Amino acid sequence: MMSQGLTLDRAKDHLNVWLEAERKVATGQEYRIGSRMLKRADLKDIRDSIQYWRREVNRLSGRRNRVYRMVPRDF
C-alpha cells in the first residue's frame with residue numbers, strides 16, 4: 001500500500017476515502033474504490049485500511065502512540 005513520496009495531505013485523503021467507504025458499507029451499501037467493489041463482507045478489509053492510513057497520518061504528522069505500563073509501588 002505504501003507509495004514513494006507520500007505526503008501528510010495525501011495520507012489524510014486516503015484515510016477520508018476509507019472512512020467514507022466504511023460509512024457506506026455500514027449502512028448496507030456497496031462502495032467502489034477503483035476497480036474493487038467492496039460490500040458488507042469486506043468491512044474487515046476496510047477497517048484494516050483505516051488502521052493503516054491512521055498510522056501513516058500519525059507517522060507523517062510526527063505523532064507517536066506510546067503505551068506505558070506502570071506498576072504502583074508502596075514503599
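1. Leu38 touches Trp18, Val25, Glu30, Tyr31, Ile33 and Ile46, not counting residues up to four places away in sequence; contact here means heavy atoms within 4.5 Å. Leu38 belongs to strand E2, helices (H or I, at least four residues) and strands (E, at least two) being DSSP runs numbered from the N terminus. Leu38 is buried, at a relative accessible area of 1%; buried means under 20% relative accessible area, exposed over 50%, and partly exposed in between (1.4 Å probe, protein chains only). Between Leu38 and Lys24 there are 9.8 Å in space, C-alpha to C-alpha, although they are 14 residues apart in sequence.

2. On the basis of the note: this is a predicted model, in which local features need pLDDT of at least 70 and side-chain atom pairs count only at pLDDT 80 or more, while totals for chains, interfaces and linings use all residues. Residues are numbered from 1 along each chain as its sequence is written, and side-chain values use heavy atoms, with hydrogens and water left out.

3. Helix H1 has 19 residues and reaches 27 Å from its first C-alpha to its last, close to the expected 27 Å (1.5 Å times one less than its number of residues). Gly28, with a positive phi near 90 degrees, follows H1.

4. The buried residues of H1 are Ala11, Leu15, Trp18, Ala21, Glu22 and Val25. They lie on the same side of H1 because they cover an arc of only 120 degrees around the axis, taken from the directions from the helix axis to the C-beta atoms. Asp9 and Asp13, on the other side of H1, are exposed. The partners against which the buried residues pack are strand E1 (31–33), strand E2 (36–38) and H2.

5. The largest nonpolar core has 14 residues, and Trp18, Ile46 and Trp53 have the most contacts inside it; such a core is a set of buried Ala, Val, Leu, Ile, Met, Phe, Trp, Tyr and Cys residues joined through side-chain atoms within 4.5 Å. H1 and helix H2 (43–60) each supply at least two residues of this core, and H2 gives the most, with 6 residues. Leaving aside neighbours within four places in sequence, Ile46 is in contact with Trp18, Ala21, Glu22, Val25 and Leu38.

6. Beyond neighbours within four places in sequence, Glu22 is in contact with Leu43, Ile46, Arg47 and Ile50.
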